[in-house]
Amino acid sequence: METQVAVSRQRPQRRLGDVVFSGAALAAGILILVSLAAVTIFLIAQSLPAFSADPSDVSKDGRGFWSYVVPLVFGTVWAAALALLFALPLSIGIALFISHYAPRRLALTLGYVIDLLAAVPSVVFGLWGITVLAPAMQPIYSSVVESLSWIPLFAGPVSGTGRTVLTVAIVLAVMILPIITALSREVFLQTPRLHEEAALALGATRWEMIKMAVLPFGRPGIISATMLGLGRALGETMAVAMVLSPSVIISFALMTSQNPTTIAANIALNFPEASGVGVNVLIATGLILFLITLLVNSLARFIINRRKEFSGAN
Amino acid sequence: MTVTSTGSKVSAHPPMRRLPRGTMWATLALSALLSAGFFTLLMFSGSTSDFNIVGTVIVAAVIYVALSFVMSRLVEGRRRSSDRLATGLVTSAFVVALLPLISLVWTAVSNGLNRFDAEFFNSSMRNVVGAGGGGLHAIIGTLEITAAATVISVPIGIMTAVYLVEYGRGRLSRMITTLVDVMTGIPSIVAGLFAFALFALFFGPGIRFGIGGAVALSVLMIPVVVRSTEEMLKIVPNELREASLALGVPKWATVVKVVLPTAIGGIITGVMIAISRIIGETAPLLIIAGMSTSMNYNLFSDRMATLPVFVYTQYSNQGADTQAYLDRAWAGALVLIVIVMVLNILARILSKVLAPKGSR
């Protein structure tokens with residue numbers, strides 16, 4: 001006891017190199033704090049004029065900031081939710097295929113191929129969406145609208161170009177596929193081997209094994225992967241800006257030429273020509289987008305942190 | 001007697017009947033044929049102008065999944081048939097996901113090659129209307145802005161990771177970890193708005209220059225670098241640190257001379273992945289770097305063209321000669337894809353070659 005106390009009292013010698021190096025490391029860490037604080041402060045500072053601006057300066061119809069923002073928020077959430085609807089089942093399927101169905105040798109390569117999708121720049125996705133996907137989808141849209149227009153989702157008049165919110169959602173789904181796939185694959189691979197073998201030993205088929213052992217284990221991972229994908233879809237700019245033929249409305253119709261646009265796309269399209277309080281309005285919408293994605297991402301992190309077991313899920 | 005009784009027992013619980021091996025492959029071939037036949041008919045009847053490959057694949061997958069499910073249900077019973085259904089669905093999910101990738105690469109290559117020529121790589125768009133011109137100014141801009149972003153982000157990112165792994169204790173380090181997570185989720189356009197808001201404060205609201213783009217990209221790049229470096233530093237075996245410290249080496253020298261060199265392969269890989277992620281970013285550069293048609297080597301003054309913004313503007317401001325603009329856009333897109341792919345593949349190779357020795 002006595003000696004231990006004596007040892008801990010003995011201060012280690014402080015070397016100059018140590019002080020400088022650890023100081024630099026600490027400074028870098030603090031710089032992250034500062035820069036994030038700066039992002040928030042500057043965005044708030046630049047968007048304050050928008051909240052108090054004269055309504056007629058904010059938008060053409062002169063109904064003020066909030067009536068300008070609400071349709072944008074709706075469009076952002078709507079497009080992202082649709083994208084998630086397509087991407088989630090597909091990516092769980094792909095993740096299962098890579099982790100439990102494909103031959104071991106092939107699995108790594110296949111995973112890499114899907115990761116390549118994540119590396120494609122969004123502007124290229126936008127270009128692809130508008131030159132390939134939109135024209136290809138247009139005939140399908142017109143036949144669907146012709147036969148099913150009594151369902152509000154498929155209400156007419158059909159878009160002549162295919163540049164609808166549904167096309168955007170498909171492009172967004174392709175973009176967030178690799179994110180959700182990568183994370184869920186990681187979690188599926190961490191399913192305890194014994195659970196899987198126990199299920200198989202009881203005579204379960206492969207699907208029953210997956211249903212009983214893999215999916216319950218991976219559920220938190222899937223949820224957080226979904227949230228991260230959603231965060232990406234909410235903030236995606238160029239693909240939406242290029243593909244969508246936008247208007248500021250709230251509408252659930254998927255295949256018309258009147259589509260609710262998203263915050264990010266609206267900023268990208270209007271920023272280069274904006275001036276005066278218009279700039280502040282756009283920055284304010286950016287701040288709202290930041291808050292939405294922050295909320296979604298924090299929720300994802302919260303779920304991940306509650307289950308520390310899968311450390312690989314970044 | 002006994003024989004018949006066991007016989008009746010067996011018939012009460014019949015052995016699981018299985019479809020003969022190879023049935024599934026035959027079904028797959030059959031459904032592919034059916035689907036191809038259907039779409040060939042469509043083509044000849046004139047409903048579609050040419051053979052619809054995507055439609056063929058999707059319809060074939062649907063027919064195959066349905067057929068195999070029904071056959072298995074009739075012969076093998078409910079449990080096996082749902083197993084077959086799941087296998088079919090999971091596999092077709094993968095195939096369906098490959099379709100956009102293949103289509104995208106195919107379109108980019110076939111359209112991009114039209115203008116993937118010497119002129120594209122040695123001329124700018126200055127005074128070019130219609131055909132001709134190139135993307136040299138955009139390529140230079142992209143390289144300069146990305147290099148500047150890398151110079152800003154890599155030291156900050158690596159030092160933050162060193163702090164988190166080697167020094168960080170308690171609340172501050174937890175807070176930094178959380179904030180790095182938050183930064184990972186910042187939408188790229190918000191990063192652009194931040195850079196704009198920052199520089200507009202000092203230089204007025206009309207500010208557009210390259211270094212602003214670099215700052216915006218750094219906001220996106222730093223968290224990626226921190227994350228990957230942190231992972232790499234964590235797998236450096238503790239024995240190495242302890243051995244070095246036991247020899248009386250100061251801590252900073254241990255980190256610089258022992259820990260970082262051990263993890264250098266993974267760190268370089270992470271940096272390259274981060275670069276490949278930001279090099280294709282369009283939105284922040286559109287806002288703060290702007291667009292120009294001439295060469296601009298100076299990061300600190302005037303608008304600067306970058307490859308993604310070049311692609312975007314070529315598409316969105318098509319002149320009278322539409323095809324020339326589209327061709328340039330696709331050529332730019334192809335250059336971008338090639339750069340990103342090369343960076344990714346190089347990163348994979350480097351991570352194999354420089355893999356930390358001694359771990360796992």
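Trainee: How many residues does the contact take from chain B, and how many from chain A?
Mentor: Bearing in mind that this is a predicted model, the contact takes 71 residues from chain B and 65 residues from chain A.

Trainee: Which helix gives the largest share of the side of chain B that touches chain A?
Mentor: That is helix α4 of chain B, residues 78-112, which supplies 19 residues. Sorted by class, the side of chain B that touches chain A consists of 52 nonpolar, 13 polar and six charged residues.

Trainee: Can we zoom in on that helix? Where is Thr91(B), and is Thr91(B) buried or exposed?
Mentor: Thr91(B) sits in helix α4 of chain B, and it counts as buried because 20 other C-beta atoms lie within 10 Å, the cut-off for that class being 20 or more.

Trainee: And what is Thr91(B) in contact with, leaving aside its neighbours within four places in sequence?
Mentor: Its contacts are Phe97(A) and Tyr101(A).

Trainee: Which residues of chain B does UniProt list as "transmembrane region"?
Mentor: The UniProt entry, which is unreviewed, lists residues 25-45, 51-75, 87-109, 145-165, 177-203, 209-226, 258-279 and 329-350 of chain B under that heading.

Trainee: What do residues 51-75 and 87-109 look like in the model?
Mentor: Residues 51-75 of chain B are 92% helix and 0% strand, with their end C-alpha atoms 36 Å apart. For residues 87-109 of chain B the model gives 100% helix and 0% strand, and there the end C-alpha atoms lie 33 Å apart.

Trainee: How is chain B divided into domains?
Mentor: Domain 1 covers 16-111 and domain 2 covers 122-353; taken over C-alpha atoms, the centres of these two domains of chain B are separated by 41 Å.

Trainee: Switching to chain A, how many helices and strands does it have?
Mentor: Chain A has twelve helices and two strands, and along the sequence the pattern runs α-α-α-α-α-α-α-α-α-α-β-β-α-α. Its radius of gyration is 25 Å, well over the 20 Å that the globule rule gives for 314 residues, so chain A is more spread out than a compact globule.

Trainee: What box do its C-alpha atoms fill, and what share of chain A is buried?
Mentor: Along the principal axes, the C-alpha atoms of chain A fill a box of roughly 85 × 60 × 30 Å, while buried residues make up 47% of the 314 residues. Helix α11 of chain A, residues 263-270, is mostly covered, with seven of its eight residues buried, among them Asn266(A) and Leu269(A).

Trainee: Last topic, confidence: what does chain A average in pLDDT, and which element has the lowest mean?
Mentor: Chain A averages a pLDDT of 85, and 91% of the residues score at least 70.

Trainee: How many contacts does the model have for residues 310-314 of chain A?
Mentor: The pLDDT stays under 50 over those residues of chain A, for which the model has 13 contacts beyond four places in sequence.

Terms used: Residues are numbered from 1 along each chain as its sequence is written. Chains are lettered from A and ligands numbered from 1 in the order in which they are written. This is a predicted model: local features need pLDDT of at least 70, side-chain atom pairs count only at pLDDT 80 or more; totals for chains, interfaces and linings use all residues. Domain bounds come from an automatic or database domain assignment. Two residues are in contact if their C-beta atoms, placed from the backbone, lie within 7 Å. Helices (H or I, at least four residues) and strands (E, at least two) are DSSP runs, numbered from the N terminus. Ala, Val, Leu, Ile, Met, Phe, Trp, Tyr, Cys and Pro count as nonpolar, Asp, Glu, Lys and Arg as charged, and the others, Gly among them, as polar. UniProt positions are given in the numbering used here, feature names are shortened, and annotations may be inferred rather than shown by experiment. A residue is buried if 20 or more other C-beta atoms lie within 10 Å of its own, exposed if 12 or fewer, and partly exposed in between; C-beta atoms are placed from the backbone. The radius of gyration is taken over C-alpha atoms; the globule rule is 2.2 Å times the number of residues to the power 0.38. pLDDT is the predictor's confidence in each residue, from 0 to 100.
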